[in-house]
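Please open the structure in the viewer and display it as a cartoon.

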Amino acid sequence: MQHLDLQVIEQALSWSRAGEVVWLCTVLATFGSSPREPGSLLAARRQGGHIGSLSGGCVEEDFLERLQAGEFECAVTTLRYGDPSGPTGPRISLPCGGILKVLVERLPADAATWDQLECLRATLLGQRHLIRRVDLRTGQTQLCEDDGLGPCVVEAVDGHSIQIRVGPAARLIIAGISPVSIICAQFARALGFEVIVCDPREEVHAGFDGAGVEVRLQLPSQFIAADGCHRATAIVALTHDPRIDDLAMIEAVRTPAFYIGVMGSQRTSAARAERLRRSGGLSEADIARLHMPIGLALGSKTPAEIALAAVADIVRVYRDRPRGAL
């Protein structure tokens, strides 16, 4: 997921506007097992302090140690960790046995850097899709509009440039506060989602403990209708209250959200489908987009188990894994 990368870009922008040089690291490729996927980001400053991650910790430690020792003064550097035959092979052996290729960019504190980071921030917030083309000889960067399709990182045949696709950060909109939604929000945050919880009932907000979660005193359907979604958005309704859940589903099917789900038994789901056809005007194609009952069939009973099943199914769809492949 990419919400951590949004935090990386925002912190890098803050450091840069304060006059500090920032080193932006991007995972270009992984071979074998790796905890972070291509496109993942880390930002650091020479005086100490970093945000984001590239691996489970060993790569970060080596990079930060070398940065503080005065390395990486070139505009752009590529590193290859975990490769016994590579220049950093003897230094780092990844516990997972994989190989990690990393791009390191030295970004001066100037207007060009601020413009680039602002554009990346807008992209991760869902306003656009971009391709970053980085010249590996000069460090010059070009930003181009993109359709969001294709591999995240593509290296030019001549090896002189890298194309990095940047898209919206994964977002989860939770319709309604309930015991299930509280745990669902916690799981999603741990997985790197930007989490937004909407509920118009003032009395339920007091019991919601949502560190790092945006909580809105608002009907979910209103937030969704006001362009709260992009293609990396999942929407789940978890209250058992048709006044919240049904309205959220009616608006959700009008969006490009990649996952739309609503909690309930098989019988409740069948009754909801009929209501949405009759009163909500949803077509059969609209109904087919709804995951109901929500989640993987884990035999879930408790709120935590239901939340686990829901979030696991969201990740399955996000990663484009068919149910039969599990």
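This is a predicted model: local features need pLDDT of at least 70, side-chain atom pairs count only at pLDDT 80 or more; totals for chains, interfaces and linings use all residues.

Residues are numbered from 1 along each chain as its sequence is written, and side-chain values use heavy atoms, with hydrogens and water left out.

**First stop: H1 and H3**

Select residues 3-17, helix H1, and residues 111-124, helix H3. Helices here are DSSP runs (H or I, at least four residues), numbered from the N terminus. The two axes come within 9 Å and cross at roughly 155°; axes are lines fitted to C-alpha atoms over the stretch in contact, and angles run from 0 to 180 degrees between N-to-C directions. H1 and H3 are therefore roughly antiparallel (over 145 degrees).

Next, show the side chains of Asp5, Leu6, Ile9, Glu10, Ala12, Leu13, Ser16 and Arg17 in H1, which meet Thr113, Trp114, Leu117, Glu118, Leu120, Arg121 and Leu124 in H3 (contact: heavy atoms within 4.5 Å). By class, this contact has 8 nonpolar, 2 polar and 5 charged residues.

**Second stop: H4 and H10**

Now select residues 179-190, helix H4, and residues 303-318, helix H10; their axes come within 8 Å and cross at roughly 50°. The contact joins Pro179, Val180, Ile183, Cys184 and Phe187 of H4 to Pro303, Ala304, Ile306, Ala307, Leu308 and Val311 of H10. Here the classes are 11 nonpolar, no polar and no charged residues (Ala, Val, Leu, Ile, Met, Phe, Trp, Tyr, Cys and Pro count as nonpolar, Asp, Glu, Lys and Arg as charged, and the others, Gly among them, as polar).

Conventions: Helices (H or I, at least four residues) and strands (E, at least two) are DSSP runs, numbered from the N terminus. Angles under 35 degrees count as roughly parallel, over 145 as roughly antiparallel, 65 to 115 as roughly perpendicular and the rest as oblique.
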